[in-house]
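Thank you all for coming. I would like to walk through one model this morning, taking a few individual residues in turn and then turning to the ligand.

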Amino acid sequence: MASAIQQNLNSIKSKLPEHVTLVAVSKTHPNEAIEEAYATGQRVFGENKVQEMTAKYEQLPKDIEWHLIGHLQTNKVKYMASFVAMIHAVDSLKLLKEINKRASQHDRTIDVLLQMHIAQESTKFGMDREELDALLASEEYQSMQNVRVRGLMGMATFTDNEAQVRSEFQFLAGIFKELKDNWKDNSFDTLSMGMSGDYELAIEEGSRMVRVGSSIFGQRNYG
Ligand SMILES: *Cc1c(COP(=O)(O)O)cnc(C)c1O
C-alpha cells in the first residue's frame with residue numbers, strides 16, 4: 001500500500017506537464033522518507049544545507065540527483081563538488097568562481113542556476129537584472145570551463161496575493177526567455193520557480209522545474 005508520502009508524490013506528479021521536473025525537497029526529513037519517495041521512481045531531491053545533503057548522499061542510493069537549492073556560502077562548495085547535480089541559488093561571480101574551481105578539481109562540470117531576486121521581501125537572496133548582466137558579461141565567467149549555467153531560479157513573495165506572485169513569476173520568465181533566445185547553444189533550458197504553495201501558478205507562467213517539499217513530505221520543524 002502506498003504511504004502518505006507516496007500518495008502525495010503521485011498526486012503531484014499527475015498534475016505536472018511533461019516538461020516540468022519535480023525536485024522533491026527533502027530537507028529536515030530522514031532517509032526513510034527519501035527512500036519512500038525513491039521507491040515510487042523519484043530520483044531528484046533538493047536540500048538547502050550542504051552538510052545535510054552530503055550525509056544523505058553518503059547513505060542513500062547513488063543514482064539520486066542531488067540539488068542544492070538554498071543559499072550557499074563559498075566555503076561549503078568543496079564538500080559537495082564531487083557529486084552535486086545542480087546548484088540553484090548562485091547569486092555572485094565569487095560563488096560561481098569557487099564552483100568552477102572545485103568542479104575542475106573533480107574533473108567535472110557542475111550545472112548551476114542563477115538566482116534572481118523577484119520578491120518584495122528583502123530577506124530573499126538573488127541578483128537584480130544589472131548584476132545578472134554584469135556577471136554574464138564578465139571575462140571571468142566567459143572563461144569558466146567547469147560550470148554550465150542552465151537557467152534561472154527565483155522565489156516569489158510569501159503572500160496570499162495571487163496577482164502579485166503571478167507578476168513576479170512573469171517577470172522572471174520574461175528574463176529567462178530573453179536570455180534563452182540569445183544563448184550560444186541549447187543548454188540554457190531550466191527555469192526553477194514554484195514551491196508547495198505556488199507551483200501550479202509557476203507552471204502556468206512557464207516554470208520548467210518546481211521545488212516541492214511540504215506538500216510531499218509534510219510539515220518541517222525547521223528550515
Ligand atoms: C524549502 C524550500 C523549498 C520547498 O518549500 P515547500 O514550501 O516546503 O515546498 C523550495 N525552495 C527552496 C529554495 C527552499 O528552501
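**Residues one by one, then the ligand**

Threonine 54 counts as buried, because its relative accessibility is 14% and the cut-off for buried is under 20%. Please keep in mind throughout that this is a predicted model. Threonine 54 belongs to helix α3, which covers residues 50-59, and if you follow the chain for 55 residues from there you come to threonine 109, whose C-alpha atom is separated from that of threonine 54 by 18 Å.

Alanine 103 sits in helix α5, residues 93-105, and with a relative accessible area of 0% it is buried. Between alanine 103 and methionine 116 there are 13 residues of separation in sequence, and the distance in space, C-alpha to C-alpha, is 23 Å.

Aspartate 111 brings us to strand β5, which runs over residues 110-116. Is this aspartate buried or exposed? Its relative accessibility is 12%, so aspartate 111 counts as buried.

I turn now to the loops. Aspartate 107 is placed in the loop between α5 and β5, and at 72% relative accessibility it counts as exposed. Its backbone deserves a comment, since most residues other than glycine have a negative phi. Aspartate 107, although not a glycine, has a positive phi of about 55°. Threonine 28 is another non-glycine residue with a positive phi, in this case about 75°, and you will find it in the loop that connects β1 (21-25) with α2 (31-39). At 22% relative accessibility, threonine 28 counts as partly exposed.

Serine 122 lies in the loop between β5 and α6, the latter being residues 129-137, and its relative accessible area of 70% makes it exposed. Serine 122 and serine 192, which are 70 residues apart in sequence, have C-alpha atoms 20 Å apart.

Around it, the shell is made up, by class, of six nonpolar, three polar and three charged residues. Going through them in chain order, the residues around the ligand are Val25, Lys27, Ile69, Met153, Met155, Met195, Ser196, Arg211, Val212, Gly213, Ser214 and Arg220.

In the side chain of serine 196, an N or O atom is 2.5 Å from an oxygen atom of the ligand. For arginine 211, a polar side-chain atom lies 2.9 Å from a nitrogen atom of the ligand. With serine 214 the backbone takes part, as one of its polar backbone atoms is 2.8 Å from an oxygen atom of the ligand. Taken on its own, the ligand has 390 Å² of accessible area, and the protein covers 90% of that.

Conventions: Residues numbered from 1 in each chain as written. Predicted model: local features only at pLDDT ≥ 70, side-chain atom pairs only at ≥ 80, totals over all residues. Heavy atoms only, no water. Near = heavy atom within 4 Å. Polar contact = N/O pair within 3.5 Å; in protein donor to acceptor, adjacent residues only side chain to side chain. Areas by Shrake-Rupley, 256 points an atom, 1.4 Å probe, with all protein chains shown as cover. Nonpolar A, V, L, I, M, F, W, Y, C, P; charged D, E, K, R; others polar. Helix = DSSP H or I, 4+ residues; strand = E, 2+ residues; numbered from the N terminus. Buried < 20%, exposed > 50% of the residue type's maximum accessible area, 1.4 Å probe, protein only.
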